[in-house]
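Please read this note with the model open beside you. It moves from the overall fold to single residues.

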Amino acid sequence: AAAAGVFLEGAAMPTETLKMATVETAKESERGIVDMERKMILGAALDLFGTVLEYRRYLHSHAELSFGERETADYIARVLEREGIRFSRIAGTGILARIDGYTSSKRTVVLRADIDALPVSERTGLPFASVNEGVMHACGHDMHAAALLGALLLLRDRRDRFEGTVLGLFQPGEEVNPGGASLVLKEEPFA
């Protein structure tokens, strides 16, 4: 009987049961590590809240219409450059950021945010209201872009934890047709 099992805590345990217990323990350990990583990422995201809010308010107050997002693109480029994130210009006023993981891989994920605003007059009275008369981020593109900047900061700090590449696309001209997506794809940045 000793050959068919392993002695554990005063009882003979069949080898198959021990293997199943080991697999379950490994799964629980992995879940614990994943939970710990989630908590670390959440903590880091909360630490970035003020920074992302600052990005959003700047972008909101400097709203620009489709394909006229020059100041917006320059601001995003300054942030990326300051934070050590590689990028290139794309589709006229767009930006394509790139973060490579710990090893090269054919795996690539693209996170996308629109950056254009609408021809709407802002009457919110907010201290960060649009300074450009008749142009407003009324549909959330300022928040999309700010959130993408925040996500890129989190990923930059964790590039040793993923393989492959993450691209951050700040897409111009989403509010018009044909839009910026067609211009981005025409440049074949994902080939």
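1. How many helices and strands are there in the protein? There are five helices and six strands. Both are DSSP runs, numbered from the N terminus: helices are H or I with at least four residues, strands are E with at least two. Along the sequence the pattern reads β-β-α-α-α-β-β-β-α-β-α.

2. A word on the basis. This is a predicted model, in which local features need pLDDT of at least 70 and side-chain atom pairs count only at pLDDT 80 or more, while totals for chains, interfaces and linings use all residues. Residues are numbered from 1 along each chain as its sequence is written, and side-chain values use heavy atoms, with hydrogens and water left out.

3. Overall numbers come next. Of the 191 residues in the protein, 36% are buried. Buried means under 20% relative accessible area, exposed over 50%, and partly exposed in between (1.4 Å probe, protein chains only). Contact means heavy atoms within 4.5 Å. Among contacts between residues at least 6 apart in sequence, 68% join residues at least 24 apart.

4. Now the largest nonpolar core. A nonpolar core is a set of buried Ala, Val, Leu, Ile, Met, Phe, Trp, Tyr and Cys residues joined through side-chain atoms within 4.5 Å. The largest one has 27 residues, and L80, L152 and F170 touch the most other members. At least two residues each come from α2, α3, β4 (94-100), α4 and β6 (165-171). Helix α4 gives the most, with seven residues.

5. L152 deserves a look. Neighbours within four places in sequence aside, L152 contacts L80, I85, A97, I99, G168 and F170. There is also a second, separate core of six residues, including I90, L96, L167 and L169.

6. Next, a helix pair. Two packed helices are described by the angle between their axes and the distance between the axes. The axes of α2 and helix α4 (residues 141-156) come within 8 Å and cross at roughly 145°. Axes here are lines fitted to C-alpha atoms, for helices over the stretch in contact, with angles from 0 to 180 degrees between N-to-C directions.

7. Which residues make this contact? Helix α2 supplies V52, Y55, R56, L59 and H60. Helix α4 supplies D142, M143, A145, A146, A147, L149, G150 and L153. By type, the residues of the α2 and α4 contact are nine nonpolar, two polar and two charged. Here Ala, Val, Leu, Ile, Met, Phe, Trp, Tyr, Cys and Pro count as nonpolar, Asp, Glu, Lys and Arg as charged, and the others, Gly among them, as polar.

8. Aromatic pairs follow. Rings of Phe, Tyr and Trp (its six-membered ring) pair if their centres lie within 6.5 Å; planes under 30 degrees apart count as stacked, over 60 as edge-to-face and the rest as tilted. The count is two. The ring centres of Y55 and Y75 are 6.4 Å apart and the planes are at 75°, so this pair is edge-to-face. Y55 lies in helix α2 (residues 49-61) and Y75 in helix α3 (residues 70-82), so the pair ties together parts 20 residues apart in sequence.

9. The other pair is Y58 with Y75. Their ring centres are 4.0 Å apart with planes at 15°, so the pair is stacked. Y58 is partly exposed at 22% relative accessibility, whereas Y75 is buried at 9%. Ring pairs link Y55, Y58 and Y75 into a cluster.

10. Last, a loop residue. G92 sits in the loop between β3 (86-90) and β4. Its relative accessible area is 64%, so G92 is exposed.
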